[in-house]
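Thanks for asking me to look this over. Could you open the model beside this note and follow along as you read?

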Amino acid sequence: MMLKNYNLACAINHHSMINPGAPAVVCQGRSLTYGELAERAARLAACLTHRLDWQRLDGQPPCVGILASRGIDACVALLGACWAGATYVPISLKQPEERILTLLAQCGLSAIIADDEGAKLLSERVLAACPQVVIHAGQTSLTPRDGAVEIIEMATLPTVIPEEPAPMAAPDTAYIIFTSGTTGIPKGVMISACSARHYVAMIAEWLELRASDRALETCELSFDFSVHNMFATWEAGAALYILPATTVMNAVKFARNSGLTVWNSVPSLAGMLRQIKALAPESLATLRVTVFGGEQLPASTVTAWQHAAPNSSIFNLYGPTEATVFCLAQTVANPLPLTPGRDVLAIGTPLPGNEARVVDESGQTMADGTSGELVIAGKQLADGYLGAHELTASRFPTLDGKRWYRTGDLALRDATGCFHCLGRIDNQVKVLGYRVELEEIDAHLRVVSGADVVGSVAWPQADGMASGIVSFVGASTVDAEQVIDALKKRLPPYMLPSRVIALETMPLSSSGKVDRRALRQLLDAAA
Ligand code: AMP
């Protein structure tokens with residue numbers, strides 16, 4: 001009996017056989033059909049799998065790092081890794097060298113595939129930490145480098161007749177995505193092939209995506225929203241239109257010129273477009289589906305969107321990386337399904353295959369209308385954090401004989417069964433859509449400032465969304481510029497404080513911790 005293949009590349013293989021000429025991905029004047037995309041991915045896969053050292057480790061597929069910015073080459077790189085039956089690991093280009101080295105040390109890669117932008121980060125130090133095989137899947141050719149690592153140019157690889165994507169079993173890890181970690185070290189969330197396949201097939205059907213759709217990609221590979229954008233689009237046999245990072249503010253024009261039918265983005269992008277008055281009435285008339293997700297969706301954004309995209313259904317999707325992209329959904333209707341007392345949309349009900357509950361500290365389910373921590377169970381739960389068994393055990397407890405994920409979100413379920421997100425229990429924040437643990441910034445701030453007592457806050461905030469970070473150090477003076485410069489070597493730009501302020505006496509809460517609320521109030525008062 002032929003076992004099911006959970007490889008994420010299977011959908012591309014399928015569409016390349018039944019409709020090879022259909023466009024699969026379009027970006028900056030270049031495009032690839034399903035046939036071309038499949039051939040390139042299979043070519044990369046052949047290069048990986050024909051190597052003598054290509055093997056499973058501890059029962060799991062080899063890991064392949066993807067060092068690429070969003071674009072066609074990134075899609076080819078990622079699909080090449082999938083096609084070969086590997087676990088793909090996106091490496092964000094926004095990170096400083098130090099953080100890339102930490103990540104490389106954490107995940108024991110068998111190969112790296114880099115695009116032109118990614119190849120620029122292959123410094124001597126990074127190359128020294130790289131696996132033996134680095135494949136360059138870019139448009140320019142690299143100047144040869146000395147050293148132990150062999151850089152293979154994809155352009156030199158022989159074309160192949162695509163074979164089936166390598167078999168992936170349900171428990172094989174499909175991808176590992178790193179998110180901010182409170183200890184100062186990012187944590188790798190491991191998603192199984194079974195969870196990933198479930199999500200992709202489920203959401204493409206739930207949203208009723210069609211082969212004629214043209215769907216927007218606005219995310220980097222290191223944000224799991226990209227899993228939704230790429231794979232749900234390809235599941236439907238539709239075309240993915242990648243918004244270049246340099247033209248984000250022209251997203252409306254891009255959508256109109258491309259005749260997009262599906263919009264996928266964090267609400268922050270829509271909020272920014274609204275702020276620059278780009279959301280003119282009917283400016284997005286071709287859209288039929290809008291997916292907002294990843295952070296609070298303000299009512300003001302939805303109202304503006306309804307005018308700009310009058311023909312589009314709007315969905316508010318909720319989910320942590322640890323539960324495979326999105327696990328709850330709210331369909332937007334009028335009057336808007338708002339969270340009581342807040343101008344943000346409800347997060348709705350669990351998507352097929354998912355379960356949600358609100359629990360107290362001991363894991364007991366709370367009565368409807370009472371707030372507690374939101375926990376998730378079902379087919380999409382991550383296997384845990386790479387190499388962090390204790391953290392995995394504490395975040396994925398067993399309650400009533402079932403495995404759950406503690407989201408850290410404060411939530412309530414109302415009498416109709418609809419869930420509402422009320423903020424965080426911990427110090428995780430979203431800054432312009434990026435997930436940030438304030439403690440991670442603090443851990444580095446302590447090192448570079450030499451101060452023991454430090455505290456960072458997400459500020460300023462408008463419409464419930466933060467657009468920056470401000471840090472405080474418990475000292476009489478601080479050389480802010482020097483501290484920020486030192487942080488630049490350790491943190492990605494979206495985690496950098498715009499200001500570092502010295503405070504001789506830091507406000508402390510009753511438990512003796514730095515009182516971040518008081519710090520935010522100081523900033524509000526000064527503003
Ligand atoms: P990430 O792992 O980056 O997707 O971040 C997950 C966190 O983002 C969740 O735990 C929530 O705090 C927040 N989040 C995601 N989607 C939503 C949403 N639709 N509404 C409110 N908060 C959200």
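The points below go from the whole chain to single elements and residues.

1. **What you are looking at.** Please keep in mind that this is a predicted model. The chain has 527 residues, and its radius of gyration of 23 Å agrees with the value near 24 Å that a compact globule of that length would have. Along the principal axes, the C-alpha trace spans about 65 × 55 × 50 Å. Its secondary structure amounts to 15 helices and 30 strands.

2. Of the 527 residues, 57% count as buried. The accessible surface comes to about 21900 Å², and carbon and sulfur atoms account for 52% of that. As for charge, the chain carries 41 positive and 51 negative charges, with mean positions 3 Å apart.

3. **Contacts along the sequence.** If you take contacts between residues at least 6 apart in sequence, 65% of them join residues at least 24 apart. Two pairs give you distances to check on screen. The C-alpha atoms of Arg 125 and Pro 281 are 156 residues apart along the chain and separated by 51 Å. For Arg 499 and Tyr 385, the separation is 114 residues in sequence and 32 Å in space, C-alpha to C-alpha.

4. **Strand E9.** Why is this strand, residues 187-192, described as largely enclosed by the rest of the structure? Six of its six residues are buried, so the description follows from the count. In a regular strand, side chains alternate between the two faces of the sheet. In E9 both faces are covered: Lys 187, Val 189 and Ile 191 are buried on one side, and Gly 188, Met 190 and Ser 192 are buried on the other.

5. **The partners of E9.** Strand E8 (residues 173-179) pairs with E9 in the antiparallel sense over six bridges. You can find this pairing by looking for Phe 178, which stands opposite Gly 188. E9 is also joined to strand E19 (residues 384-385), again antiparallel, by two bridges. There, Met 190 stands opposite Gly 384.

6. **Helix H8.** Among the buried residues are Phe 225, His 228, Met 230, Phe 231 and Trp 234. Just after the helix, Gly 237 takes a positive phi of about 75°.

7. **A hairpin to inspect.** Strands E24 (residues 428-431) and E25 (residues 434-437) pair in the antiparallel sense over four bridges. Gln 428 has Glu 437 as its bridge partner in E25. The two strands form a hairpin with two residues between them, and Leu 432 in the turn has a positive phi of about 50°.

8. Arg 125 sits in helix H6 (residues 124-129) and is partly exposed, at 43% relative accessible area. Beyond its neighbours within four places in sequence, Arg 125 is in contact with Glu 97, Glu 98 and Leu 101. Arg 499 belongs to strand E30 (residues 497-502) and also counts as partly exposed, with 39% relative accessibility. Setting aside neighbours within four places in sequence, the contacts of Arg 499 include Trp 459, Ile 469, Ile 484 and Leu 523.

9. **Cis peptide bonds.** Which residues does the cis peptide bond with omega about 0° join? These are Asn 334 and Pro 335, and Pro 335 is in the loop between strands E15 (328-331) and E16 (349-350). The peptide bond from Trp 459 to Pro 460 is cis too, with omega near 0°. Pro 460 has its place in the loop between strands E26 (454-458) and E27 (461-462).

10. **Positive phi outside glycine.** Gln 28 has a phi near 50°, a positive value in a residue other than glycine. You will find Gln 28 in the loop between strands E1 (23-27) and E2 (30-33), and at 61% relative accessibility it counts as exposed. Asp 58 likewise has a positive phi near 50°. Its loop lies between helix H2 (34-49) and strand E3 (63-67). Is Asp 58 buried or exposed? With a relative accessible area of 82%, Asp 58 is exposed.

Notes:
Residues are numbered from 1 along each chain as its sequence is written. This is a predicted model: local features need pLDDT of at least 70, side-chain atom pairs count only at pLDDT 80 or more; totals for chains, interfaces and linings use all residues. Side-chain values use heavy atoms; hydrogens and water are left out. The radius of gyration is taken over C-alpha atoms; the globule rule is 2.2 Å times the number of residues to the power 0.38. Buried means under 20% relative accessible area, exposed over 50%, partly exposed in between (1.4 Å probe, protein chains only). Contact means heavy atoms within 4.5 Å. Accessible areas come from the Shrake-Rupley method with a 1.4 Å probe; for residues, only the protein chains shown count as cover. Lys and Arg count as positive and Asp and Glu as negative; His and the chain ends are not counted. The place of a charge is taken as NZ of Lys, CZ of Arg, CG of Asp or CD of Glu. Two strands pair if DSSP finds at least two bridges between them.
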